[in-house]
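The sequence and model are shown below.

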Amino acid sequence: MKAGIYLHIPFCKSRCSYCDFATDVFKNAETVERYVNALCKEISNSRFQIPDTENQKPKTKNQIETIYFGGGTPSLLSPKQLERILNSIHKKFSVEPEIELTMELNPATMTLETVREYRSLGVNRASFGAQTFDDTELKRLGRKHTANDVRETIELLRNAGFDNVSFDLIAGLPRQSLKDWQRNLDEALKLKPEHLSLYLLEIHEGTPLAEQIRSNRQPLPDEDLAAEMYELTIEKTARKGYAQYEISNFSLPQRESKHNSKYWLCEPVFAFGVSAHSFDGERRWANERDTAKYVALIEKDESAIVYEEAIEAASEFVFLGLRMMKGVDLAGFEKRFGVNLLSKYAEDIERLRSLELIEIAENRLRLTNKGALFSNEVFAVFV
Ligand code: SF4
């Protein structure tokens, strides 16, 4: 099995009101440089190994087929810093020639020259948060870009040679009507990205948005409206040739995110940086969440891992696999775990089938359309 690599870049120009990611407001270039040094050191000193699930001969180096720079705002890295990180990865791992290399970026933070340099360093997929095409909503969310910056970012990326671009939109924002959401979708589809991530707003405790809702300055999200938005999303994207391949992700043919698919297929992902979460198919572990503490630990040659657990791989395989619209491969499950999935979870599967939340077709267990709307209830059964 081949692995993916995730690198967390925890700096943003400012903080968005709904965000609970491990990210700090960008203070100065030295802090970023020190962080990049720590990241390279963590990569070089890592000793992760993909478990042998297929009785392959032991490999001296893990094979890597996806690299993903997430954050935060990875496009705050200079091309030189990006190059140093990539060099550390190439020294430590065996990187496939046809790798998918994604970088998250923020609209209105890059020049054409910088984006061209990223591209020449091998970045071949760009992903960014558009969130909404309504400037008032963007302001409310604490985003620094405008709707026009999103259009310009797509143009910039195309001019720099990117033919695999993805962006995110959030549905169910406070005071957003179905008509507003429809306008957002139309604007997004007009830009013809290869991939779209369309999320329903989640309220995370401790964020400014959660506080605004608690103090009645913003309304609570309306679940029925969110369901209507979700249905409209599926219908509109399909009409333009996008396949919904995961609950919140839509792509043109062959443009699914290979890196994110690794999570849903329970394949190994080694993650580096503050708060980075790794998974090797048998264990999950996570790094320190505070950037200064993370850097200090790595500089002292200590491990930044603060949490580790063995996982119940079979149930992870099911509930993560159910996120994909094609569902869980029943034969693949039996091969990997030596047991029939339908027998192992017979009672739960029968109950969910009678509620029309899941179905079995083409030797796969998958969510129905109704199940996709109530997916959290289905997943809870297998967690
Ligand atoms: S840009 Fe992204 S990571 Fe940064 S604060 Fe906003 S939502 Fe969070």
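## Basis of the model

The model is predicted; local features require pLDDT of at least 70 and side-chain atom pairs count only at pLDDT 80 or more, whereas totals for chains, interfaces and linings use all residues. Residue numbers start from 1 along each chain as its sequence is written.

## Overall form

The protein chain contains 16 helices and 17 strands. These elements are DSSP runs numbered from the N terminus, with helices being H or I runs of at least four residues and strands being E runs of at least two. Along its principal axes, the C-alpha trace spans about 60 × 55 × 40 Å. For 383 residues, a compact globule would have a radius of gyration near 21 Å, and the protein chain agrees with this at 21 Å. The radius is taken over C-alpha atoms, and the globule rule is 2.2 Å times the number of residues to the power 0.38.

Of the 383 residues, 40% count as buried. A residue is buried if 20 or more other C-beta atoms lie within 10 Å of its own, exposed if 12 or fewer do, and partly exposed in between, with C-beta atoms placed from the backbone. Two residues are in contact if their C-beta atoms, placed from the backbone, lie within 7 Å. Among contacts between residues at least 6 apart in sequence, 70% join residues at least 24 apart.

## Helices α1 and α2

Two packed helices are described by the angle between their axes and the distance between the axes. The axes of α1 (residues 29-45) and α2 (residues 79-92) come within 9 Å and cross at roughly 10°. The two helices are therefore roughly parallel to each other. Axes are lines fitted to C-alpha atoms, for helices over the stretch in contact, and angles run from 0 to 180 degrees between N-to-C directions. Angles under 35 degrees count as roughly parallel, over 145 as roughly antiparallel, 65 to 115 as roughly perpendicular, and the rest as oblique.

On the α1 side the contact is made by V36, L39, C40, I43 and S44, and on the α2 side by Q81, R84, I85, S88, I89, K91 and K92. By class, this contact has six nonpolar, three polar and three charged residues. Ala, Val, Leu, Ile, Met, Phe, Trp, Tyr, Cys and Pro count as nonpolar, Asp, Glu, Lys and Arg as charged, and the others, Gly among them, as polar.

## Ligand shell and the cis peptide

The residues around the ligand are C12, R15, C16, C19, F21, T23, G71, G72, T73, N106 and G129. A residue belongs to this shell if its C-beta atom, placed from the backbone, lies within 6 Å of the molecule. By class, the shell has four nonpolar, six polar and one charged residues.

Two members of the shell, G71 and G72, are joined by a cis peptide bond with omega near 15°. G72 is located in the loop between β4 (63-71) and α2.

## Residues with positive phi

Q131, in strand β6 (residues 125-131), has a phi near 70°, a positive value in a residue other than glycine. Q131 counts as buried, with 24 C-beta neighbours inside 10 Å.

E356 is likewise a residue other than glycine with positive phi, here near 60°. E356 is in the loop between α14 (346-354) and β16 (358-361) and is exposed, with 11 other C-beta atoms within 10 Å.

## Other selected residues

W181 is found in helix α6 (residues 178-190) and counts as buried, with 25 C-beta neighbours inside 10 Å. Beyond residues up to four places away in sequence, W181 touches A171, Q176, M229 and L232. R284, in strand β13 (residues 283-287), counts as partly exposed, with 16 such neighbours inside 10 Å. Leaving aside neighbours within four places in sequence, R284 is in contact with H277, S278, F279, E309 and I311.

V383 lies in the segment after α16 (375-382) and counts as exposed, with 10 C-beta neighbours inside 10 Å. V383 and E316 are 67 residues apart in sequence, with their C-alpha atoms 6.9 Å apart in space. Leaving aside neighbours within four places in sequence, V383 is in contact with S315 and F319.
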